[in-house]
Amino acid sequence: MVPAYVPNPVAALCGGGTPIDFNRNYSDGRRILGDGKTYRGLVCGVLAGIAVGALQIWLASTCGWSFLPQHTAASIILLSVGALLGDMGKSFVKRRLGKNRGDSWPIADQYDLVVGAFVMMLIFDPAWLLSNITLPILIVILILTPILHRAVNIIGYLSGVKKEPW
Ligand code: CTP
Ligand code: MG
C-alpha cells in the first residue's frame, strides 16, 4: 500500500496552482472539485508514489528482501494513480453534498485512497489484487489507514502544510 499512501501527503506538500476543474462549476452551481485538487498536487503525488514503489521493487530484487510485496510497474502505477483518483472522486461527491473544501467528511476522507487504489487494481490488474490483498492484509489495511491518515494530517497541520488537522 506504500505507493498508495505516499501521493496524498506529497500532494499536500507541493500542491497549488491551477485547479483540476479549472475553476469551473457543476450544474448545481458549486465547484466540480474545488481548489483543493490541483494539477501540481496530482502530478507530484503520483510521481512520488511511483518513485517509492520503484524503490520497493529495487530493494526487493537487489537486497533479496522477499518480505516486500511483489510489486510490478503496473501495480505501483495503479496504486498511486488510484489513490489520487479516489481522492478526487471523494471531493466531487463532497462538493455535491454541499461540503466546502477542507470540511471534514469522516470515513470518506480516510478511505478514499483505498477505494480508488483497489478499484483501479480491480479494473486493470485483478490478479495482483487477489494474490496480494488477502483477507488478513485487508483487515490490517482497514485498521492502519485511518490511524496513518490521522497521524500524517496532524503532522501536516502542526507543521503548517495543512490548514486542518484531518
Ligand atoms: N492537493 C492538491 N492536489 C490534489 C490533492 C491534494 O493540490 N490532487 C493539496 C491541496 O493543497 C489540498 C491539500 O493537498 O488542500 C490537502 O488535500 P485534501 O485534504 O485531500 O484536500 P482538501 O483541501 O481537504 O479538499 P477536499 O475538501 O476537496 O477534500
Ligand atoms: Mg481534507
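In this predicted model, at least two residues of the shell around ligand 1 come from each of α2 (7-14), α3 (39-62) and α4 (73-96), where helices are DSSP runs of H or I with at least four residues, numbered from the N terminus. The largest share, five residues, is that of α4. Altogether 18 residues surround ligand 1, with K37, T38, S91, R95 and R101 the closest; a residue is near the ligand if one of its heavy atoms lies within 4 Å of it. Local features need pLDDT of at least 70, side-chain atom pairs count only at pLDDT 80 or more, and totals for linings use all residues. Residues are numbered from 1 along each chain, and side-chain values use heavy atoms, without hydrogens and water.

Several polar contacts (pairs of N or O atoms within 3.5 Å) can be picked out. A polar side-chain atom of T38 lies 2.6 Å from an oxygen atom of ligand 1, and a polar backbone atom of G36 is 3.1 Å from a nitrogen atom of the ligand.

Ligand 1 sits in the largest pocket, with more than half of its atoms within 2 Å of the pocket's grid points. A pocket here is an open set of points on a 1 Å grid over the protein atoms alone, where a 1.4 Å probe fits, with protein on both sides within 12 Å along at least five of seven lines; lining residues have an atom within 4 Å of a point. The lining of this pocket comprises 43 residues, and N8, A12, K37, N153 and K162 lie nearest its centre.

Conventions. Chains are lettered from A and ligands numbered from 1 in the order in which they are written. A polar contact is a pair of N or O atoms within 3.5 Å; within protein, one must be able to donate a hydrogen and the other to accept it, and residues adjacent in sequence count only if both atoms are side-chain atoms.
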